[in-house]
Amino acid sequence: MALVDITIPDIGDFDEVTVIELLVKPGDSIKADQSLMTVESDKASMEIPSSQAGVVKEFKVKLGDKVKQGSVVLVLESGDAAAAPVVAPAPVSEQKQAPAPVAPAQAATKSVAPPAAAAGPVEVRVPDIGDFKDVVVIEVLVKVGDTVKAEQSLATVESDKASMEIPSSQAGVVKELKIKLGDKINVGDVLLVLEGVVASAPAAAAASPAAATTSAPAPSAAPAPASVAAVPVHEPSTPTGQLPHASPSVRKFARELGVPLAEVKGSGPKGRITQDDVQAFTKSVMAGDVRTQAQSAKAPAAVSGGGGAGLDLLPWPKVDFTKFGAVERKDLPRIKKISGANLLRNYVMIPHVTNHDDADITDLEAFRVSTNKDNEKSGLKVTMLAFLIKASVAALKKFPEFNSSLDGDQLVYKQYYNIGFAADTPNGLVVPVLKNADKKGIMQISQEMGELAKKARDGKLAPAEMQGASFTISSLGGIGGRYFTPIINAPEVAILGVSKSQTEPVWDGKAFQPRLMLPLSLAWDHRVIDGAGAARFNAYLGSILADFRRVLL
């Protein structure tokens, strides 16, 4: 066995790069050309390959270290006793197996500098990017009409070993893009056309070796990058190691915010993480919708209790029910499978409080019965739920925080009144949404509710007919019961539960009178609403149901 020092190979014109990821660990068996770590400059990230096969004995670097060409990164125990230590790359004139990456001076001579002054549009071309061929455009960072500065990044490209940002050699306004996502480009290809160019950068800047020579070729003991074709091509949709699929600028942005990129889901091409993804992840964490792994590790309430749903609970009991008698197993209905996860999330993450109250609907019920009798021939039946929807809209207008949603540290006050109502179907509970209830009368609300309820029972509700609610009503009036605690449907902040009405003796100041009382259960999000506001909402809603003429006020 021989111990071999593995060093950083020629990485182009970069002086120092930062170690941002270690892809192997001591004890791992690795192959020649296998990636050992990822390093990053301000313009590129690249994987550093091994020049030998063997077993990792010791790491000489850690995350955050600055390394450069010739730095020892790890010690490898090679099975070849005759293996010689890796030496620094020989001068260009001595390397015979394959050409070395182009030096800055060479890059300047190979790239044709634009004229010192441009009377018309100027083509910006791909500068020398080292020994890579047919790199793929994975991100276009500018669009037509954008004003760009010299050295501003225009596009991100990717090879099997590195992703890099291509800078502009000129300042100007983007007139035309010559590339699109997925294109394969090479040195000299036209990226875009600029107009309004006053003067060009020096020839060396036009080639921009500092930004372009970002290849991570194999060390001198192994073939140069041109012969790395034997290594399987990197497929971003199935990344190897733990490298999140993102451009250098996005990585830098994530580091500045303290965002763990490995936990961010990318929405870009092939799952690439964009700046918008990082921002959305940050908002979710701030809103409490998402916990990072670090937060979960620090918070006892969020540490998994070995099957306790991540809440440090006792594991769910595993019971052999057949020990106690005969059993039958049935699959959970599809709707319950879908809704179950949402219900659990909402119940656990929203601090629910429920106010119970009673509304006197004696006169309203009499009016409803007479209305149905008057419209008996039309076949349209008005239910109490139609009145509840109309009354709820009036209450939402008076107390707008109940018609809002929490978004980070802001409240989104909705100017529309879309009311969801729970519908019991043979396959489970669904919630159709009656849109723009504030603009509809009782008869139209009743008709649309009937149509939506029928679609729900027949399993024909379209997704759009179950989206966009700003408030929900769950009515058990046709079944029975006396108060309950409905679960808020996120991102809403409140839900009204309604139980079966019954006649009760109510003191009118002189005597007890029989009144038809409707039990109300208002559940609300305590992050947005306080107890006094909830009590006022219920009281106002009850006053409308007691005298529906108040809706007109």
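The legends below describe close-up views of a predicted protein model.

**Conventions.** Residues are numbered from 1 along each chain as its sequence is written, and side-chain values use heavy atoms, with hydrogens and water left out. Because the model is predicted, local features need pLDDT of at least 70 and side-chain atom pairs count only at pLDDT 80 or more, while totals for chains, interfaces and linings use all residues.

**Figure 1. The whole protein.** The protein has 11 helices and 27 strands; helices (H or I, at least four residues) and strands (E, at least two) are DSSP runs, numbered from the N terminus. Of its 553 residues, 44% count as buried. Here buried means under 20% relative accessible area, exposed over 50%, and partly exposed in between, with a 1.4 Å probe and protein chains only. The protein exposes about 29,000 Å², and carbon and sulfur atoms supply 55% of this area. Accessible areas come from the Shrake-Rupley method with a 1.4 Å probe, and for residues only the protein chains shown count as cover. Among contacts between residues at least 6 apart in sequence, 63% join residues at least 24 apart; contact means heavy atoms within 4.5 Å.

Figure 2. Strand β27 covers residues 512-525 and includes Ser-521. Ser-521 counts as buried because its relative accessibility is 0%. Its side chain makes a polar contact of 3.0 Å with the side chain of His-356. A polar contact is a pair of N or O atoms within 3.5 Å; within protein, one must be able to donate a hydrogen and the other to accept it, and residues adjacent in sequence count only if both atoms are side-chain atoms. Leaving aside neighbours within four places in sequence, the residues in contact with Ser-521 are Thr-354, Asn-355, His-356, Tyr-483, Phe-484, Pro-486, Ile-495, Leu-496 and Gly-497.

Figure 3. Glu-165 is part of strand β13. With a relative accessible area of 3%, Glu-165 is buried. The side chains of Glu-165 and Ser-153 are joined by a polar contact of 2.7 Å. Gln-170 sits in the loop between β13 (162-167) and β14 (172-177). Gln-170 is buried as well, at a relative accessible area of 1%. Glu-123 is 47 residues from Gln-170 along the chain, and their C-alpha atoms are separated by 9.4 Å.

**Figure 4. Packing of helix α9 against helix α11.** Two packed helices are described by the angle between their axes and the distance between the axes. Helix α9 (residues 384-398) and helix α11 (residues 531-546) pack at about 135°, with axes 9 Å apart. Axes are lines fitted to C-alpha atoms, for helices over the stretch in contact, and angles run from 0 to 180 degrees between N-to-C directions. The two helices are therefore oblique to each other; angles under 35 degrees count as roughly parallel, over 145 as roughly antiparallel, 65 to 115 as roughly perpendicular and the rest as oblique. The crossing of α9 and α11 is right-handed: a crossing is left-handed if the near helix is turned anticlockwise from the far one by less than a right angle, and right-handed if clockwise. Residues making the contact include Phe-387, Leu-388 and Ala-391 of α9, and Phe-537, Tyr-540 and Leu-541 of α11.

**Figure 5. Packing of helix α9 against helix α10.** Helix α10 covers residues 442-458, and its axis comes within 9 Å of the axis of α9, crossing at roughly 120°. This makes α9 oblique to α10. The crossing of α9 and α10 is right-handed. On the α9 side the contact involves Leu-385, Ala-386, Phe-387, Ile-389 and Lys-390, which meet Ile-442, Ile-445, Ser-446 and Met-449 in α10.

**Figure 6. Phe-548 in the segment after α11.** Phe-548 belongs to the segment that follows α11. Leaving aside neighbours within four places in sequence, Phe-548 is in contact with Leu-364, Phe-387, Lys-390, Ala-391 and Ile-442. Phe-548 and Phe-367 are 181 residues apart in sequence, with 9.8 Å between their C-alpha atoms.

Figure 7. Most residues other than glycine have a negative phi, and most peptide bonds are trans. Asp-33, not a glycine, has a positive phi of about 75°, and its loop runs between β3 (29-30) and β4 (35-40). Asn-436, also not a glycine, has a positive phi of about 55° and is placed in the loop between β23 (433-434) and α10. At 32% relative accessibility, Asn-436 counts as partly exposed. Ala-490 and Pro-491 are joined by a cis peptide bond with omega of about 10°. Pro-491 is in the loop between β24 (471-475) and β25 (494-498).
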